Amino acid sequence: EQAVRVVNRTVASLYFAEWHRYHHYIAHAQVCVALIQDEAIVSEDAAQLLSWVAGYLHEQGQYTEAEALVTQSLTMLSKIDVLVHQNVLENINQLATIHLDRGQFEEAEKLYRRALASLQHVHGQIKPLLQATLYNNLGELYTATEKNDDAENFLTQALHIRERMLGSDHELVAVSLYCLAELYSKQGKYSDRQRPEKKFGL
C-alpha cells in the first residue's frame, strides 16, 4: 500500500498537458494497479491511481481498459464512503468523456448531467473549476451532436469561469477558446467573429 501511495502522489503532480512525460511512470503505475487488484487494496490513493492510469489508457485509445479502471475507482470510492467528493466527480467526468470519444453520446450526457447535479455538494475554489470542466465537455458533446445553441451556451460559460478564476493566459482558457473555434468553424461564423484560438496561436 505504501508503494501505491508513493506512485500516486508522484504522478498526481503531472499536468494534463504533460502526457508525453507519462511513459516514464506508466510501468510503475501498472505494477501498482496489479497490486491493488491482487491485494484488494481500498484507499483514496489507490482510487486516484486507478483513475490516473485510466486517463493514460484513454489517451492511448484503449477505451475498454480505461472504462474498467475508472469504474473500479468509482466503486472503491463508494466503499470508503466518499459519496460526493471531488475525486468522484472527476471520475464521472472521465467516464463520460470516454463515452463521448466512443460516440456514445446519450450515455456521456447522462454522466455529465449526473456530475453537474452532484456539484452542489462540493465547496471551495475547486467548485467553479469543476463546473467549467463539465460545461466545456458538455459543449463539446453538443458540438459533436450539432446542438449548436446548447454547445455555444456551455462553452461560453466555461470560458468565462476559467478567465475569471485562472486569468486570460491560462492553458485551460486556451482549451475553451479552441472548442469555441471548432464550433464556430462548423457553423461558418468566422466571417463575423474573430477566430478565438488565434489569441494563443493555435
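What follows is a short chat about a predicted model of a protein.

Visitor: How many helices and strands are there in the protein?
Guide: The protein has nine helices and zero strands. From the N terminus on, its elements read α-α-α-α-α-α-α-α-α. Bear in mind that the model is predicted.

Visitor: What share of the residues counts as buried?
Guide: Of 202 residues, 43% are buried.

Visitor: Let's look at helix 1. Which residues of helix 1 are buried?
Guide: Helix 1 covers residues 2-11, and its buried residues are Val4, Val7, Asn8 and Val11. Seen down the helix axis, the buried residues fall within an arc of 100°, so they line one face of helix 1.

Visitor: Why would residues a few places apart point the same way?
Guide: An α-helix has 3.6 residues a turn, so residues three or four places apart point the same way.

Visitor: Which residues are exposed on the other side of helix 1?
Guide: Gln2 and Arg9 are exposed there.

Visitor: What covers the buried residues of helix 1?
Guide: The cover includes helix 2 (23-38) and helix 3 (44-59).

Visitor: Is Cys32 buried or exposed?
Guide: Cys32 is buried, because its relative accessibility is 4% and the cut-off for buried is under 20%. Cys179 also counts as buried, at 7% relative accessibility.

Visitor: Last one: what share of the contacts with a separation of 6 or more comes from residues 24 or more positions apart?
Guide: Those residues account for 58% of such contacts in the protein.

Terms used
Residues are numbered from 1 along each chain as its sequence is written. This is a predicted model: local features need pLDDT of at least 70, side-chain atom pairs count only at pLDDT 80 or more; totals for chains, interfaces and linings use all residues. Side-chain values use heavy atoms; hydrogens and water are left out. Helices (H or I, at least four residues) and strands (E, at least two) are DSSP runs, numbered from the N terminus. Buried means under 20% relative accessible area, exposed over 50%, partly exposed in between (1.4 Å probe, protein chains only). Contact means heavy atoms within 4.5 Å. The arc is that of the directions from the helix axis to the C-beta atoms.
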